[in-house]
Amino acid sequence: MRRETQNILLVLVGGALLKISITGAYLQYVKPSHRYWLLGGGAVMLVLALVSIARDLFGKRATEDPEHAHHDADDHDDHDVDGHQHQARSAWLLVVPVLAIFLIAPPALGADSINRADTRVATTRVASGTSKMAFSPLPPGNPVPVTMSDFSARASFDSLNSLTNREVQLTGFIAVQGKDTYLARLVIACCAADAFPVKVKLAGGDLTGLTNDTWLHVVGRLRPGTGTLTDEYVSTLDVRSITRIHQPENPYET
Amino acid sequence: MSTGTSAEITEAPRAGRPSGRRVTSLEVLCVVLVVALFGQDQLVRWLDAPAVRTASTIFVAVCVQALPFLVLGVLISGAIAAFIPGRVLNRLLPRRQVFAVPIAGVAGVALPTCECAAVPVARRLMQQGVPSSVALAFLLAAPAVNPVVLVATSVAFPNNPGMVFARLAGSLGTAIVMGWLWARFGKAEWIVERALRRAAELDGRSRWRLFFESSRADLVDAAGFLVIGGLTSAVLNVVIPRAWVDSLGSQVVLGVFVMAVLALFLALCSEADAFVAASIAGMPLLPKLVFLVVGPAIDVKLFALQVGTFGKRFALRFAPATLVVAVCCAVLSGLVFLGGA
């Protein structure tokens with residue numbers, strides 16, 4: 001592949017990274033704190049490509065020393081033998097993420113990932129055992145907003161039962177499995193590849209017409225006695241009200 | 001329209017050959033972009049199946065997550081090439097490889113990044129005349145023993161502080177054993193010649209030129225292979241049913257095997273893998289440790305990068321050996337630190 005083409009590909013990839021980190025689309029793929037890495041990485045890619053382009057445009061005339069001339073010629077793979085040829089081909093693959101980001105812009109993971117994952121996963125990443133422990137008390141408020149992962153962990157493992165008689169507000173999307181309707185959310189540690197599903201079964205309320213990937217605020221109470229080994233740590237929420245919302249800026253919990 | 005897109009991509013490399021002088025890669029790229037632009041609707045419609053959507057999200061996520069680390073890696077690698085003469089590096093290391101290998105392993109602490117960054121740096125160390133066994137020990141240790149990863153591990157396993165030490169020992173052990181094995185049995189000709197080609201000693205302005213040029217070239221080379229890794233990992237992520245991982249329950253031996261395979265195929269970032277391991281219910285700690293030790297040492301993404309950087313002959317020998325050594329080290333370390341729990 002020619003040097004010029006490589007540079008253009010680098011500009012495109014760097015531009016793609018900058019674009020998603022500026023528009024906020026990066027939150028569909030990675031955790032919020034990764035933004036600075038993306039900005040830095042994208043900027044460096046642009047600089048590397050632009051320096052190389054500038055040198056190609058303006059440097060040619062200025063070069064007298066033979067070493068430099070040789071160096072430049074060496075980088076034109078058109079003139080190179082064996083090794084480089086094979087190597088440069090891989091650079092074509094950079095077209096794939098560029099097209100994926102600019103043209104397809106894959107959405108955040110949703111109900112498909114929930115239904116694909118096993119139903120019996122643990123309810124929280126942090127509670128690695130099945131032993132109970134004392135959680136800090138919930139903040140005041142009625143209903144109190146709680147993350148899905150916090151809710152599930154408290155429902156199953158809180159020795160102080162902090163959810164008892166408390167009305168909570170959960171934010172998540174709908175995942176329908178058979179006859180049951182779940183409110184679900186994906187938790188990521190680094191990027192969407194390590195996404196981990198959390199779900200709560202919805203009971204009561206008007207659940208008809210809720211389709212996969214509908215985002216909701218749901219207010220309700222933990223049904224006592226759920227979130228145990230018998231229901232495989234998937235707790236049940238007795239729903240009081242449901243509000244449709246747009247997908248939050250950060251679709252994942254971290 | 002959209003069938004044209006894939007045809008263009010496969011056709012593209014031919015244009016780079018000297019024989020294809022009439023059409024340059026630049027023109028091919030333009031055609032690919034224009035075709036994709038016009039075929040956008042068709043492309044989006046194609047990818048509308050839920051499974052494909054999930055896979056494409058994971059693919060973009062892996063690329064987006066890893067690219068900045070790869071950029072950091074090529075910058076470090078370029079800086080070593082341009083500003084640190086090979087003799088300085090060699091003066092810092094003991095003459096005998098037996099001692100230099102463990103030191104390189106411990107030096108991995110200084111590069112707190114994912115595994116992608118370590119590959120170009122390791123190659124650069126070789127080019128600067130560092131023995132390849134030493135550079136490979138660094139390659140295996142850097143992503144696994146750095147502070148960021150160890151802190152993440154302790155957060156993910158709050159009830160098992162032994163996990164952090166077990167991971168540290170297992171990963172360091174893997175790096176050192178592999179370094180020694182390479183020093184004893186490795187052959188330089190397995191590594192492609194271009195990976196070992198020494199850069200000329202330069203000074204003044206040409207140093208900066210070398211820095212920019214080698215960083216850029218490294219990035220272009222490695223990024224393509226990262227894309228292969230991302231694609232593989234995305235497909236496997238969707239295809240492998242997690243259910244059978246979780247249904248293993250408490251079978252340790254089978255668990256070790258499955259978790260090693262899973263680490264290989266999921267290609268997770270070493271800062272995140274501890275959380276994934278922790279979330280698998282009912283699995284004993286030992287298989288989880290295997291997952292954490294194998295993942296940063298070898299997975300599909302790293303294998304693709306190694307093929308691109310060091311060549312196929314190298315990767316086909318090094319990667320399976322790494323897998324076996326990593327599993328053994330993890331099991332040993334688990335028996336010591338976790339009491340085989």
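Which residue in β6(A) is the bridge partner of A:Val218? The partner is A:Ile242. The model that shows this pairing is predicted. In it, 68 residues of chain A are in contact with 70 residues of chain B, and the largest nonpolar core comprises 187 residues.

**Composition of chain A**
- Chain A contains 7 helices and 7 strands.
- Read from the N terminus, its elements follow the order α-α-α-α-α-α-β-α-β-β-β-β-β-β.
- Chain A has 254 residues, of which 45% count as buried.
- Where contacts in chain A link residues at least 6 apart in sequence, 73% of them join residues at least 24 apart.

**Strand pairing in chain A**
- Strand β5 (residues 215-222) of chain A runs antiparallel to strand β2 (residues 168-177) of chain A, and 6 bridges join the two.
- Within this pair, A:His217 in β5(A) stands opposite A:Thr171.
- β5(A) is also joined by 7 bridges to strand β6 (residues 236-244) of chain A, again in an antiparallel arrangement.
- A:Val218 has A:Ile242 in β6(A) as its bridge partner.
- In a regular strand, side chains alternate between the two faces of the sheet.

**Domains of chain A**
- The domain assignment divides chain A into domain 1 (3-104) and domain 2 (111-253).
- Their contact draws 7 residues from domain 1 of chain A and 7 residues from domain 2 of chain A.
- On the side of domain 1 of chain A that touches domain 2 of chain A, there are 4 nonpolar, 2 polar and 1 charged residues.

**Contact between chains A and B**
- The contact involves 68 residues of chain A and 70 residues of chain B.
- On the chain A side, the elements giving two or more residues are α1 (3-23), α2 (35-62), α4 (82-89), α5 (95-104) and α6 (111-116).
- Of these, α2(A) supplies the largest share, with 9 residues.
- By class, the residues of chain A that touch chain B divide into 42 nonpolar, 14 polar and 12 charged.

**The largest nonpolar core**
- Within the core of 187 residues, those with the most contacts are B:Val64, B:Leu70, B:Ala137, B:Val290 and B:Val294.
- The element that gives the most to this core is helix α4 (residues 50-83) of chain B, with 19 residues.
- B:Val64 touches several residues of chain A: A:Leu17, A:Ile20, A:Tyr26, A:Tyr29, A:Val30 and A:Leu38.

Notes:
Residues numbered from 1 in each chain as written. Chains lettered and ligands numbered in written order. Predicted model: local features only at pLDDT ≥ 70, side-chain atom pairs only at ≥ 80, totals over all residues. Contact = placed C-beta atoms within 7 Å. Helix = DSSP H or I, 4+ residues; strand = E, 2+ residues; numbered from the N terminus. Nonpolar A, V, L, I, M, F, W, Y, C, P; charged D, E, K, R; others polar. Core = buried A, V, L, I, M, F, W, Y, C linked by C-beta atoms within 7 Å. Buried ≥ 20, exposed ≤ 12 C-beta atoms within 10 Å, placed from the backbone. Pairing = 2+ DSSP bridges. Domains from an automatic or database assignment. Lists of a residue's contacts leave out its neighbours within four places in sequence.
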